[in-house]
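Visitor: I would like to learn how to read a protein model. Could we take it feature by feature?

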Amino acid sequence: MILKSKFLRSKVARRIFVLFVACALLPMAVFTTLSFIQVSRQLRTQNQRQLQQAAKSLGLAVYERLTILDSDLQLASLRIQRGDPLLSPTSELHFQTMRVWKGQSGPEANSILTASERNHLLSEKSLIRLDSCSAHKSAKCILIVRMIDLDNPASGLIVGEVDSNYLWSADRLPADLDLFVLDAEKEILYSSNPDKTSAATIPSQRNSSGFFEWRSHGTVYDAAYRDLFLRAEFLAGTWTVILSQNHQDAFAPMQHFRDTLLLVALLAMWIVILFSLIQIRRTMGPLEKLGEGTKQIAEQNFAARVEIASGDEFEDLAASFNSMSSQLGRQFHTLRAINDIDQAILSSMNRDAVVSTALSRMANLLPSECFAIVLFQPNSSDSVSVRVTVRMPRSDLQRTFADRVALPRELQQLQVNRSVQVLLEPEDTPEFLLPLKDLGMTSVFVFPILLEHRPFAALVCGDSTDTPMTSEDIQHAIQVADQLAVAFSNVQLIEAMEQLHWGTLTALARAIDAKSAWTAGHSERVTQLALKIGSAMGLSSRDLQIMHRGGLLHDIGKIGTAPEILDKPGKLDPTEMQHMRDHVRVGVRILEPIAAFSAAIPIVAQHHEWFNGGGYPEGLAGEEISLHARIFAVADCYDAMVSDRPYRKGLPKKQVVQMLREKSEIQFDPKVIEVFVRLCADDETIYAPKEDVRLVEQSI
């Protein structure tokens with residue numbers, strides 16, 4: 001198996017790995033160390049006990065052999081008493097030599113007995129003497145002395161030189177043990193290994209048996225000793241039997257145990273590391289997948305799924321994570337849909353735009369088959385006029401029904417409930433919901449839209465089954481209904497402001513025209529005619545709105561023109577004409593401080609300019625004159641010519657049209673004249689002089 005170490009880059013993985021290894025290896029290391037110490041201690045104790053037991057056994061064996069040698073010597077004395085010759089010491093007895101000593105002369109002169117020794121021998125006991133060996137001057141020989149005949153002390157002594165091989169039996173010692181025997185003066189009596197010495201290492205304060213360590217040439221030895229008490233039986237000092245063993249030889253099994261234990265510990269460590277890595281990978285793999293899943297969610301990829309088949313809590317966690325991801329996806333989709341609807345409907349400037357925008361986006365929010373927005377308009381009667389706009393998202397069908405009514409009791413029910421479920425039964429279906437029933441819906445949810453605590457509209461969600469909406473969907477629909485209430489409230493405010501705006505402009509235009517009875521309704525008529533020409537030329541709604549404002553105010557400068565000049569029945573003199581022409585500049589100065597009218601100022605300033613540059617006040621020509629002003633130049637001139645003036649009667653429509661055509665490319669833009677002439681031929685609404693009153697009433 002090949003393990004990748006990539007997952008160990010994670011802090012959590014490293015922490016788990018260290019914790020796992022520490023929890024596994026530290027106890028194992030402590031256990032191994034304690035085991036090694038305990039086994040070492042037990043082995044050392046066992047080795048000491050065995051070595052001490054061996055020293056004791058060897059000491060007893062030496063004493064037993066001394067007893068046997070004493071018995072052999074006693075037998076030899078009996079033979080002498082009977083007059084038999086001595087046997088060869090090497091044939092049956094364990095002596096190197098055996099001889100009889102009589103008197104105090106000869107080679108035995110150095111072995112004169114003391115009084116205590118003589119008394120000891122007379123007590124029928126043997127005597128051990130240490131003497132220099134004839135073969136090895138430096139070594140000591142062990143002599144056993146016994147009286148031949150206690151009844152006749154003059155018979156002499158029998159002396160036997162002990163065979164050291166028999167006494168110590170060194171050949172029977174294990175190869176790893178060394179034997180040392182010390183006499184009472186702590187001098188070496190026997191050594192199985194002459195290269196080693198232990199005399200100086202025996203503790204001075206000691207018991208009759210014990211254990212000690214000593215060193216020789218840098219090597220540590222373990223030694224056990226046992227004292228042999230020979231005074232009572234042989235009138236000799238205490239001998240010390242020492243068995244010594246190389247410390248390394250004694251602990252050779254421990255060395256093997258240590259090596260084996262180390263190998264086992266290393267093997268266990270690798271097994272622990274291997275299984276810890278496998279377990280950490282099994283743990284970190286799901287965590288990495290969950291981490292990748294969270295990154296996907298952070299990137300708004302709510303369709304991402306985490307697949308874990310571990311058969312444990314990680315698998316359950318992955319299932320919970322996927323469920324959470326799906327739920328977050330739905331909630332995010334819902335919030336985005338609600339936000340889109342909010343932005344769309346709140347940016348709409350009229351009711352139709354609000355209705356159409358909301359219906360086009362409802363399918364992104366709710367699973368219903370059909371959506372509708374119902375607008376209520378109170379009548380003078382008990383009923384309420386209803387305008388129903390229905391949209392079927394699947395078929396992209398949208399229709400509006402304007403001939404419906406709603407009863408007050410139905411509206412009262414909507415006023416007290418945030419949501420109402422209505423089953424579209426054959427005999428008891430509100431009339432304003434019949435369009436949904438005709439489309440196959442059998443159950444609808446109605447969410448009232450209240451303005452000033454009264455039903456202004458309703459959001460309707462319909463389905464062809466009786467399946468109820470979930471509480472979550474109901475809350476989302478109520479939220480949209482509340483936003484629609486804000487949007488409709490804004491639209492009402494905008495409509496009221498628009499009415500106030502245009503009403504103010506119309507009133508101002510009428511106030512301007514009222515300075516002269518001859519110009520009553522002039523500004524409104526000119527504005528309507530200019531808007532017709534602009535629409536026919538394909539101008540945008542913004543251009544038409546600018547023309548509407550500029551047209552109503554194009555003669556505002558006449559506020560500063562004297563009435564006697566405006567109503568003079570005859571031709572104006574040059575001074576009066578200059579005053580009349582100054583109304584253009586006066587109008588510009590009046591409107592300049594109002595930023596909202598800046599786009600309309602060119603109409604006020606240029607509607608008397610000529611296409612060939614012969615007009616006033618700046619003498620502009622061609623496209624230097626704004627298109628709006630070029631259109632108003634035609635409309636203004638037409639209305640002035642077909643209307644009565646103090647100095648003349650109004651001219652016929654056809655004559656005026658012909659006169660304007662003749663002024664094309666001179667006073668008027670030929671493109672504007674072309675559209676105007678076409679309108680005059682095709683459009684009967686281009687008014688004649690007698691239609692003034694009707695046009696004023698129909699003005700915007």
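Visitor: Take Asp 669 and Arg 630: are they buried or exposed?

Guide: This is a predicted model. A residue counts as buried when its relative accessible area is under 20%. Asp 669 is buried, and Arg 630 is buried too. The two form a salt bridge, with their closest N and O atoms 2.6 Å apart. Asp 669 sits in the loop between helix 19 (653–662) and helix 20 (670–682), while Arg 630 belongs to helix 18 (residues 627–642), so the bridge ties together parts that are 39 residues apart in sequence.

Visitor: How many salt bridges are there by this rule?

Guide: The count is twelve salt bridges. One of them joins the side chains of Arg 129 and Glu 117, at 3.2 Å from N to O. Arg 129 is in strand 2 (residues 127–132) and Glu 117 in helix 2 (residues 115–122), twelve residues apart. Arg 129 is partly exposed, at 23% relative accessibility, whereas Glu 117 is buried, at 11%.

Visitor: Where should I look for nonpolar residues?

Guide: In soluble globular proteins, nonpolar side chains tend to be buried together. Here the largest nonpolar core has 33 residues, and Leu 66, Ile 128 and Leu 179 are among those with the most contacts inside it. Helix 1 (residues 11–82) gives the most to this core, eight residues. Apart from this core lies another of 32 residues, including Phe 447 and Leu 459.

Visitor: Which nonpolar residues form a patch on the surface?

Guide: Leu 262, Leu 263, Leu 266 and Trp 270 form one, with about 460 Å² of accessible area together. Leu 263 is placed in helix 6 (residues 252–298). Leu 263 counts as exposed because its relative accessible area is 59%, and the cut-off for exposed is over 50%.

Visitor: How many disulfides are there by this rule?

Guide: A disulfide is a covalent bond between the sulfur atoms of two cysteines. The count here is zero. For Cys 461, the nearest cysteine sulfur is that of Cys 370, 9.0 Å away. Cys 461 is buried, at 1% relative accessibility.

Conventions: Residues numbered from 1 in each chain as written. Predicted model: local features only at pLDDT ≥ 70, side-chain atom pairs only at ≥ 80, totals over all residues. Heavy atoms only, no water. Core = buried A, V, L, I, M, F, W, Y, C linked by side-chain atoms within 4.5 Å. Buried < 20%, exposed > 50% of the residue type's maximum accessible area, 1.4 Å probe, protein only. Helix = DSSP H or I, 4+ residues; strand = E, 2+ residues; numbered from the N terminus. Disulfide = S-S within 2.5 Å. Patch = residues over 30% accessible without salt bridge, like charges linked within 9 Å, V, L, I, M, F, W, Y side chains within 5 Å. Areas by Shrake-Rupley, 256 points an atom, 1.4 Å probe, with all protein chains shown as cover. Salt bridge = Lys/Arg side-chain N within 4 Å of Asp/Glu carboxyl O.
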